[in-house]
Amino acid sequence: MNALVRPSLPRGLYVLCDDTLRPELSLREKAAGLLAGGARVVQLRMKRTPLREALVAAREVVAACRRAGAVCLVNDRVDLALLSGAHGVHVGEEDLPAEEARALLGPEGLVGVTVRGLEDARAALAAGADYVGLGPVFGTTTKQVPAPVLGLGGFAAVVRASPLPVVGIGGVKLENIADLAATGAHGGAVASDALLAEDIAERVRRLSAAFDRGAQGASLVGGDA
Ligand SMILES: Cc1ncc(COP(=O)(O)OP(=O)(O)O)c(N)n1
Ligand SMILES: Cc1ncsc1CCOP(=O)(O)O
Ligand SMILES: [Mg+2]
């Protein structure tokens, strides 16, 4: 990691720069659109990119995020996160365990962990994670997730009790991100609704503003986490 002190995960919209969506655009082009829209947290999710190309892409996207003052997390791969100077990594059940990701990254790196419920969130804390990605909140076609859709009520129940900040993922869109934020979620992770937009930057601006509006409502009624 380049940073000496671990950054905290900014609250709000969390975007996925994903190689399975809009294959006609390079990851660098997608990242440019996301960052032009003011994205503050970018996860580089590479499922199809060969490893050596992934390393080049990671270095480019991390550099672009750092220039823009955004936090960049690499999905799945701690090695790529370290080699690219990313702020951290996001790991799930098919990736390195969170403890090992933390051990490799050291105290300066952010570690996000996929969870399906409260028990997982408690385990993620014990493993040294900084935040949890909880989902699928809504239905999604971007990933076949081996878990039932939580719905907003199921999601909110975990948010209320989670010992770690919760980022909601799965089917998060402009039409529901304010409601997600109103649960007290720390973030809303969006892939397709941002990347499939004709104007990615404009969509990111609108998603981000909608999250902030929803979070503001939550804090006014004392639901701020
Ligand atoms: C913020 C966030 N939450 C959850 C996930 C899912 O991670 P994982 O379960 O490892 O699945 P893949 O994304 O690797 O297919 C995520 N990427 N980001
Ligand atoms: C990676 C991942 N994990 C759970 S749902 C999902 C995909 C989210 O994509 P979208 O925002 O297009 O539903
Ligand atoms: Mg993964």
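This is a predicted model: local features need pLDDT of at least 70, side-chain atom pairs count only at pLDDT 80 or more; totals for chains, interfaces and linings use all residues.
Residues are numbered from 1 along each chain as its sequence is written, chains are lettered from A and ligands numbered from 1 in the order in which they are written, and side-chain values use heavy atoms, with hydrogens and water left out.

Two packed helices are described by the angle between their axes and the distance between the axes. Helix H1 (residues 27-36) packs against helix H2 (residues 51-68) at an angle of about 15°, and their axes are 9 Å apart. Helices (H or I, at least four residues) and strands (E, at least two) are DSSP runs, numbered from the N terminus. Axes are lines fitted to C-alpha atoms, for helices over the stretch in contact, and angles run from 0 to 180 degrees between N-to-C directions. H1 and H2 are therefore roughly parallel to each other (angles under 35 degrees). On the H1 side the contact (heavy atoms within 4.5 Å) is made by Leu27, Arg28, Ala31 and Leu35, and on the H2 side by Ala57, Glu60, Val61, Ala64, Cys65 and Ala68. By class, this contact has eight nonpolar, two charged and no polar residues; Ala, Val, Leu, Ile, Met, Phe, Trp, Tyr, Cys and Pro count as nonpolar, Asp, Glu, Lys and Arg as charged, and the others, Gly among them, as polar.

Around ligand 1 there are 13 residues, of which Arg45, Lys47, Asp76, Thr114 and Lys143 come nearest; a residue is near a molecule if one of its heavy atoms lies within 4 Å of it. An oxygen atom of ligand 1 is 2.8 Å from an N or O atom in the side chain of Arg45. For the side chain of Asp76, the corresponding distance to an oxygen atom of ligand 1 is 2.8 Å. The surroundings of ligand 2 include Arg45, Thr140, Lys143, Gly171 and Ser192. An oxygen atom of ligand 2 lies 2.5 Å from an N or O atom in the side chain of Thr140, and one lies 2.8 Å from a polar backbone atom of Gly171.

Most residues other than glycine have a negative phi, and most peptide bonds are trans. Asp76, in the loop between strand S3 (71-75) and helix H3 (78-84), has a positive phi of about 75° although it is not a glycine. Arg22, in the loop between strand S1 (12-18) and H1, has a positive phi near 50°. The peptide bond from Gly135 to Pro136 is cis, with omega near 5°. Pro136 is placed in the loop between strand S6 (131-134) and helix H6 (151-161).

Technical notes: Angles under 35 degrees count as roughly parallel, over 145 as roughly antiparallel, 65 to 115 as roughly perpendicular and the rest as oblique. A polar contact is a pair of N or O atoms within 3.5 Å; within protein, one must be able to donate a hydrogen and the other to accept it, and residues adjacent in sequence count only if both atoms are side-chain atoms.
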